[in-house]
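Try each task first, then read the solution below it.

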2 protein chains.
Amino acid sequence: MTRPLRRILALTGGVGGAKLALGLANVLQPGQVTFLVNTGDDFDHLGLRICPDIDTLLYTLSDEANPETGWGRRNETWHCLEALDQLGGETWFRLGDRDLATHLTRTLALARGESLTAVTASLASHLGIPHPVLPMTDQPVATMIGTAQGELAFQQYFVRDRCAPAVTGFRFAGSEQAGINPQIEALLAAPDLDGIVICPSNPFVSVDPILTLPGMRAALAAASAPVVAVSPIIQGAAVKGPTAKMMAELGVPQDALAVARHYGDLLDGFILDSHDASLVEAVQSLGMDAIATPTLMLTLQDKMNLALATLDFISHIVTSNAP
Amino acid sequence: MTRPLRRILALTGGVGGAKLALGLANVLQPGQVTFLVNTGDDFDHLGLRICPDIDTLLYTLSDEANPETGWGRRNETWHCLEALDQLGGETWFRLGDRDLATHLTRTLALARGESLTAVTASLASHLGIPHPVLPMTDQPVATMIGTAQGELAFQQYFVRDRCAPAVTGFRFAGSEQAGINPQIEALLAAPDLDGIVICPSNPFVSVDPILTLPGMRAALAAASAPVVAVSPIIQGAAVKGPTAKMMAELGVPQDALAVARHYGDLLDGFILDSHDASLVEAVQSLGMDAIATPTLMLTLQDKMNLALATLDFISHIVTSNAP
């Protein structure tokens, strides 16, 4: 018999992670789930501080995400960008008019000395999001992509070059000097934290920037709550983004098992897609619990179903581990 | 008999000045007129450097000015501002989506270390403006409005409070440390400068910030070219803006004569509206030349006609003064 879960921490990056985050936000009570978001993609552009993963999550949780583009805001227009083009400005990073308000607000607040945590909390509050959204750190960390042609800043690789260069490795510049978000330290020590979810984000460039922060991986492992990850790979392919392509370029097998192995002993449990049920035993042999369940999230109901399955899995692990 | 005028310098502020500026730009050859623009209205807002008078001139000269609002850009939308409102941001200063591109471009270039002169030249070039547009100075000067309730920053007075407070005086903060635009010094010394026009802008808050710059008034007076001003007051009223209201509050007679007296011995000539022809003699008695001509500029043709009348007046003064 399982008791209801109390608080949940979810680590998330871009679009894939935000889908499960939305599911969790919908099946849990306000404040019950805390999101810890990758900031390695953050960069300065046109004098503005842009935090793509935070914004993807904020827009997704507030039903502001643009369903047509998969990024940016709903009902977006591009008049500022068009005018910027006329003035000779950079337009490769598509900033919509409504999206700009977020970057202006954040840049102004940071310039005033507010922390990224405080700014993000204010944005989330104004967007009506009832769950805490925390950047992984308040210090700047920049994900750098190693390629055969040299190292690229993340957005150059991801947006400008459309993930074309073959990756050779990753570096999280500034990570060694960055501190874990202080609210996360408190949450990890809280007795009512019942589960930690690694959302189906890119392990290399969405989750690893979080895990690489000094002390983060150890703090997650030391928490009494189990850590479970949801595979971003289904039948050897990523639903969206360069995860599978990166695995091939890095010489890693392109399957969910390799993702479970990548996270390794941090995990107490791993969730595979139903189509990968044949890998459950192999994952279990890594020393973690594993289940297979539908993980493709097309509809809101899909997202809520996967969230419920994830929470059930956590409850199961908590109960199994109970004295 | 008069010879064709060569180069012209025009001092200008906001909307009223920009109308004559457009007339001059249309009747003169590319590069023949240089505009020297008030920057006392400039301010930082939402982390952006905003130069209202420069932008009014740039938009007017490039046919980008919004004919409905009298400020900002044509075909403007307000999606960023609406989103900013949702996020709790300041929206009293109406920044349109297309207008924002100008402020982003300028702010970024200034942050890179470019001068306001260089940034403005680049904006003018991208907007296809064939005449030099120069800020009065590259250093920050802030027009402060003295009122019974205390001193107000210009945009607080002008936009936020809609010119409601009664003015008691003006201060141009930073003016003493600001240097005249270096290109103006060269132009004033140029042998082919044939005339200096003070456009029909507000004398107190559009033209005086220029004239108050250390050495500016003396340099204008020392130039061999005659200085002529066009009255912003017609039959005791301002076509637009608070000029007449300010005159009343300052205890100055609300008429064109008072404007001529305000500029005083800087002027070689003064242009009144036809309706104020009865004041011509009184202005002449101040020791300057004076004419009356239609100065209300509703159509482009009105603007070009006043520009031609102004240039004729300058030619007349140049010829009269010839040895």
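## Exercise 1: Loop residues

Asn75(A) is exposed, because 11 other C-beta atoms lie within 10 Å of its own, and a residue counts as exposed at 12 or fewer. Keep in mind throughout that this is a predicted model.

**Solution.** 
- Step 1. Most residues other than glycine have a negative phi.

**Solution.** 
- Step 1. Arg162(B) has 9 C-beta neighbours inside 10 Å, so it counts as exposed.
- Step 2. The loop in question runs between α6 (154-160) and β8 (167-173) of chain B.
- Step 3. Here is another residue other than glycine with a positive phi: the value for Arg162(B) is near 50°.

**Task.** Locate Gln177(A) and work out how far Gln177(A) is from Pro214(A) in sequence and in space.

**Solution.** 
- Step 1. Look in the loop between β8 (167-173) and α7 (182-189) of chain A for Gln177(A).
- Step 2. Gln177(A) is exposed, with 11 other C-beta atoms within 10 Å.
- Step 3. In sequence, Gln177(A) and Pro214(A) are 37 residues apart, while C-alpha to C-alpha they are 8.1 Å apart in space.

## Exercise 2: Helix pairs within chain B

**Task.** Describe how helix α1 (residues 15-27) of chain B packs with helix α13 (residues 300-321) of chain B.

**Solution.** 
- Step 1. Two packed helices are described by the angle between their axes and the distance between the axes.
- Step 2. For α1(B) and α13(B), the angle is about 75° and the axes are 7 Å apart.
- Step 3. Angles of 65 to 115 degrees count as roughly perpendicular, so α1(B) and α13(B) are roughly perpendicular to each other.
- Step 4. On the α1(B) side, the residues include Lys19(B), Leu20(B) and Gly23(B), and they meet residues of α13(B) including Met304(B) and Ala307(B).
- Step 5. By class, this contact has eight nonpolar, two polar and two charged residues.

**Task.** Do likewise for helix α4 (residues 97-111) and helix α5 (residues 116-126) of chain B.

**Solution.** 
- Step 1. The axes of α4(B) and α5(B) come within 9 Å and cross at roughly 145°.
- Step 2. The crossing of α4(B) past α5(B) is right-handed.
- Step 3. α4(B) contributes Thr102(B), Thr105(B), Arg106(B), Ala109(B) and Leu110(B), and α5(B) contributes Leu116(B), Val119(B) and Leu123(B).
- Step 4. Sorted by class, the residues of this contact are five nonpolar, two polar and one charged.

## Exercise 3: Where the chains meet

**Task.** Work out how many residues each chain gives to the contact, and which part of chain B supplies the largest share of its side.

**Solution.** 
- Step 1. Chain B gives 23 residues and chain A gives 24 residues.
- Step 2. On the side of chain B, α3 (79-86), α4 and α5 each supply at least two residues.
- Step 3. The largest share of that side, 10 residues, comes from α4(B).
- Step 4. The residues on the side of chain B are 11 nonpolar, 10 polar and two charged.

**Task.** Describe one helix pair that spans the two chains, α4(A) with α3(B).

**Solution.** 
- Step 1. Helix α4 (residues 97-111) of chain A packs with α3(B) at an angle of about 50°, and their axes are 7 Å apart.
- Step 2. α4(A) and α3(B) are therefore oblique to each other.
- Step 3. Their crossing is right-handed.
- Step 4. Among the residues that meet are Leu100(A) and Leu104(A) of α4(A), and Cys80(B) and Ala83(B) of α3(B).
- Step 5. In α3(B), the buried residues are His79(B), Cys80(B), Leu81(B), Ala83(B) and Leu84(B).
- Step 6. These buried residues pack against α3 (79-86) and α4 of chain A, together with α4 of chain B.

Terms used
Residues are numbered from 1 along each chain as its sequence is written. Chains are lettered from A and ligands numbered from 1 in the order in which they are written. This is a predicted model: local features need pLDDT of at least 70, side-chain atom pairs count only at pLDDT 80 or more; totals for chains, interfaces and linings use all residues. Axes are lines fitted to C-alpha atoms, for helices over the stretch in contact, and angles run from 0 to 180 degrees between N-to-C directions. Helices (H or I, at least four residues) and strands (E, at least two) are DSSP runs, numbered from the N terminus. A crossing is left-handed if the near helix is turned anticlockwise from the far one by less than a right angle, and right-handed if clockwise. Two residues are in contact if their C-beta atoms, placed from the backbone, lie within 7 Å. Ala, Val, Leu, Ile, Met, Phe, Trp, Tyr, Cys and Pro count as nonpolar, Asp, Glu, Lys and Arg as charged, and the others, Gly among them, as polar. Angles under 35 degrees count as roughly parallel, over 145 as roughly antiparallel, 65 to 115 as roughly perpendicular and the rest as oblique. A residue is buried if 20 or more other C-beta atoms lie within 10 Å of its own, exposed if 12 or fewer, and partly exposed in between; C-beta atoms are placed from the backbone.
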